Amino acid sequence: MVLNTFERIRALPLAYQTVMALYLCQRMVPNYELFHHVTGFGDPKPLQGALSACWDWAWQGKAVKVNFSRWQEKVDEVTPSEHGHDMLGVYPAMDACTAISTLLQGLMDQNSADLVSVAKVSQASVAKFLELTEGAEMDAQERRKLLREHELVQYEIEVQQAILNYLETLAATQAQPSQELVRQVRDMVADEGVSNIGVSMADE
């Protein structure tokens with residue numbers, strides 16, 4: 001039986017689920033940064049600060065003290081609302097904040113379900129973006145086809161499966177992510193150079 005993406009994430013040890021969720025959150029931050037750049041709303045620093053603290057925690061664990069609930073409050077304070085922002089960019093920005101807040105909740109509670117949810121948020125964010133842009137004038141059938149076949153949808157699934165392949169291989173031989181692994185995964189986000197909806201990281 002072939003497991004789907006979410007089942008595969010669920011099967012990973014919690015420490016590797018954390019790295020996966022961090023990778024996906026980091027890929028969504030440019031969506032918030034672009035929104036902030038265009039509107040002047042909010043501040044990307046709490047998002048980056050929260051993720052930096054979690055990246056350090058991912059390989060050091062209890063050796064570092066991270067106040068996940070305080071970081072969650074800081075992210076919540078800069079999360080935009082669709083009310084008062086009449087632009088499509090508000091949704092990917094909100095989704096980036098939701099993903100990071102979900103990650104933080106998962107680490108606070110040591111709850112696998114929240115870490116799996118980050119992957120769902122990232123996929124749903126791509127789908128919503130396409131529905132509101134290219135799919136806005138389509139009928140239901142055309143929209144379903146768009147969300148099945150669009151290159152951004154395909155790319156998101158491929159990216160999630162590629163990082164999963166990598167983490168599954170490592171998890172089979174080492175119980176905990178190493179500092180080297182965490183650095184490599186962070187570098188992979190930078191090397192990829194685009195967010196989950198195709199915002200270039202150079203556009204920030």
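How many helices and strands does the secondary structure of the chain come to? Nine helices and zero strands.

**View 1. Fold of the predicted chain.** This is a predicted model: local features need pLDDT of at least 70 and side-chain atom pairs count only at pLDDT 80 or more, while totals for chains, interfaces and linings use all residues. Residues are numbered from 1 along each chain as its sequence is written, and side-chain values use heavy atoms, without hydrogens or water. From the N terminus, the elements run α-α-α-α-α-α-α-α-α. Helices are DSSP runs (H or I, at least four residues), as are strands (E, at least two).

**View 2. Dimensions of the chain.** The C-alpha atoms fill a box of roughly 50 × 45 × 30 Å along the principal axes. The radius of gyration over C-alpha atoms is 17 Å, which agrees with the value near 17 Å for a compact globule of 204 residues (rule: 2.2 Å times the number of residues to the power 0.38).

**View 3. Burial in the chain.** Of the 204 residues, 46% count as buried (under 20% relative accessible area, 1.4 Å probe, protein chains only).

**View 4. The largest pocket.** About 290 Å³ of space lies here. A pocket is an open set of points on a 1 Å grid over the protein atoms alone, where a 1.4 Å probe fits, with protein on both sides within 12 Å along at least five of seven lines; lining residues have an atom within 4 Å of a point. Of the 14 lining residues, Trp-57, Gly-61, Lys-62, Phe-68 and Gln-110 are the closest to the centre. Helix H2 (14–39) and helix H3 (45–60) each give two or more residues to the lining. H2 gives the most, with three.

Definitions and conventions:
Points joined across faces, edges and corners; volume = space filled by probe spheres on them. Buried < 20%, exposed > 50% of the residue type's maximum accessible area, 1.4 Å probe, protein only.
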